[in-house]
Amino acid sequence: MVPPVAVSPLIKTARWSALLLGVLYGKQRFDYLKPIAEEEKRVEEAEKIKVEQERIIKQLAEANSESILK
């Protein structure tokens with residue numbers, strides 16, 4: 001096997017810098033998107049509740065309506 005090649009300190013520094021910048025960017029982006037996602041989740045839950053209530057009302061209306069079987 002060939003021994004590994006020594007990596008330039010400049011390249012090592014650039015890699016670590018890119019990694020740290022990526023982590024910082026990810027944290028910033030997450031903090032930006034988190035409130036938006038929470039609001040979307042809240043709206044979806046409210047929509048689910050509304051749809052469920054409408055479904056229940058429809059079932060009750062069908063159960064109370066006149067039918068041939070009565």
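The questions and answers below concern a predicted model of one chain.

Reader: How many helices and strands does the secondary structure of the chain come to?
Author: Helix α1 covers residues 9-64. The secondary structure of the chain comes to 1 helix and 0 strands.

Reader: Is the chain spread out or compact, judged by its radius of gyration?
Author: For 70 residues the globule rule gives 11 Å, and the radius of gyration of the chain is 29 Å, well over that value. Along the principal axes, the C-alpha atoms fill a box of roughly 90 × 35 × 5 Å. Because its radius of gyration is well over the value from the rule, the chain is more spread out than a compact globule.

Reader: What percentage of the residues in the chain is buried?
Author: To count as buried, a residue must have under 20% relative accessible area. The chain has 70 residues, and the buried share of them is 0%.

Reader: Which residues gather in a patch of negative charge on the surface?
Author: Glu-47, in helix α1, belongs to this patch. With a relative accessibility of 52%, Glu-47 counts as exposed. The residues that gather there are Glu-40, Glu-44, Glu-45 and Glu-47.

Reader: How far apart are the mean positions of the positive and negative charges of the chain?
Author: The chain has 12 positive and 11 negative charges. Their mean positions are separated by 11 Å.

Reader: How many salt bridges does the count come to?
Author: Side chains of opposite charge can pair when their charged atoms come close. The cut-off for a salt bridge is a nitrogen to oxygen distance within 4 Å. By this rule the salt bridges number 3.

Reader: Which residue forms a salt bridge with Asp-31?
Author: Asp-31 counts as partly exposed because its relative accessibility is 39%. The closest N and O atoms are 2.9 Å apart, and the partner is Lys-27.

Reader: How far apart are the closest N and O atoms of Arg-42 and Glu-39?
Author: Arg-42 and Glu-39 are 3 residues apart in helix α1, so about one helical turn separates them. Arg-42 is partly exposed at 49% relative accessibility, and Glu-39 is partly exposed with a relative accessible area of 39%. The two form a salt bridge in which the closest N and O atoms are separated by 2.5 Å.

Reader: What is the N to O distance where the side chains of Arg-55 and Glu-52 meet?
Author: Both residues lie in helix α1, with Arg-55 and Glu-52 3 residues apart, about one turn of the helix. Arg-55 counts as partly exposed at 39% relative accessibility, and Glu-52 counts as partly exposed at 36%. Their side chains meet in a salt bridge with an N to O distance of 2.3 Å.

Note on methods. Residues are numbered from 1 along each chain as its sequence is written. This is a predicted model: local features need pLDDT of at least 70, side-chain atom pairs count only at pLDDT 80 or more; totals for chains, interfaces and linings use all residues. Side-chain values use heavy atoms; hydrogens and water are left out. Patches are made of residues with over 30% relative accessible area and no salt bridge: like charges are joined within 9 Å, nonpolar side chains (Val, Leu, Ile, Met, Phe, Trp, Tyr) within 5 Å. Accessible areas come from the Shrake-Rupley method with a 1.4 Å probe; for residues, only the protein chains shown count as cover. Lys and Arg count as positive and Asp and Glu as negative; His and the chain ends are not counted. The place of a charge is taken as NZ of Lys, CZ of Arg, CG of Asp or CD of Glu. Helices (H or I, at least four residues) and strands (E, at least two) are DSSP runs, numbered from the N terminus. Buried means under 20% relative accessible area, exposed over 50%, partly exposed in between (1.4 Å probe, protein chains only). The radius of gyration is taken over C-alpha atoms; the globule rule is 2.2 Å times the number of residues to the power 0.38.
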